[in-house]
Amino acid sequence: PEFNEPRGLTGGVFEHLMNDIESAKTGFIAVWNKFNEEFDVLHSLNMNKMHSLEKNDPLCAWLIDNRSSLLVRDMAKNPEFDGRFYSARSFIASPFIHDSEVFGFIFLGNPHTKKAFNYSHMILLSAVCNQLAARLRDIEEKTEDACRKRLAQIRF
């Protein structure tokens, strides 16, 4: 994959996470789309095809409000997340944060096993999301700079 553009970078990271965290049987990466004001699902594995999530989806709302990782050890104790395309017996999710704004997240789930994830998994996912957030912002800034330079050249 091309790691200098968002889709390639997130795809490579997602593939590694799904391989490295053995209890993850389903998952997806979603990134904020400021044009349609939804989280676009860029990559997913073993899930119903969903292309976007609204800000008021329970998972998105939780991540935006708390700006931290979420560990759900048993869906039965968290019914607000049940009945969604991402519903799983247990799951972890962690946001991408820049300037205190959530602009994406990674979700990893296990549809069959409760307590499939532990705090170590959550800390690993959080660390990966922090690094990925910084790199995605760096890519975005470089892309915007290149666009500004092209625009300035066209004007002269």
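Trainee: Does Pro79 count as buried or exposed, and at what relative accessibility?

Mentor: Buried means under 20% relative accessible area, exposed over 50%, partly exposed in between (1.4 Å probe, protein chains only). Pro79 counts as exposed because its relative accessibility is 56%. This is a predicted model, where local features need pLDDT of at least 70 and side-chain atom pairs count only at pLDDT 80 or more, while totals for chains, interfaces and linings use all residues. Residues are numbered from 1 along each chain as its sequence is written, and side-chain values use heavy atoms, with hydrogens and water left out.

Trainee: Where is Pro79 found?

Mentor: Strands (E, at least two residues) and helices (H or I, at least four) are DSSP runs, numbered from the N terminus. Pro79 is in the loop between strand 4 (70-72) and strand 5 (90-98).

Trainee: In what order do the 6 strands form the sheet?

Mentor: Two strands pair if DSSP finds at least two bridges between them. Here the order is 3-2-1-6-5-4, in an open sheet with antiparallel pairing. Strand 3 (52-54) and strand 4 each have a single partner strand, so one side of each is left without a neighbour in the sheet.

Trainee: Over how many bridges do strand 1 and strand 2 pair?

Mentor: Strand 1 (residues 26-33) pairs with strand 2 (residues 38-45) over 7 bridges, in the antiparallel sense. Asn33 has Glu38 in strand 2 as its bridge partner.
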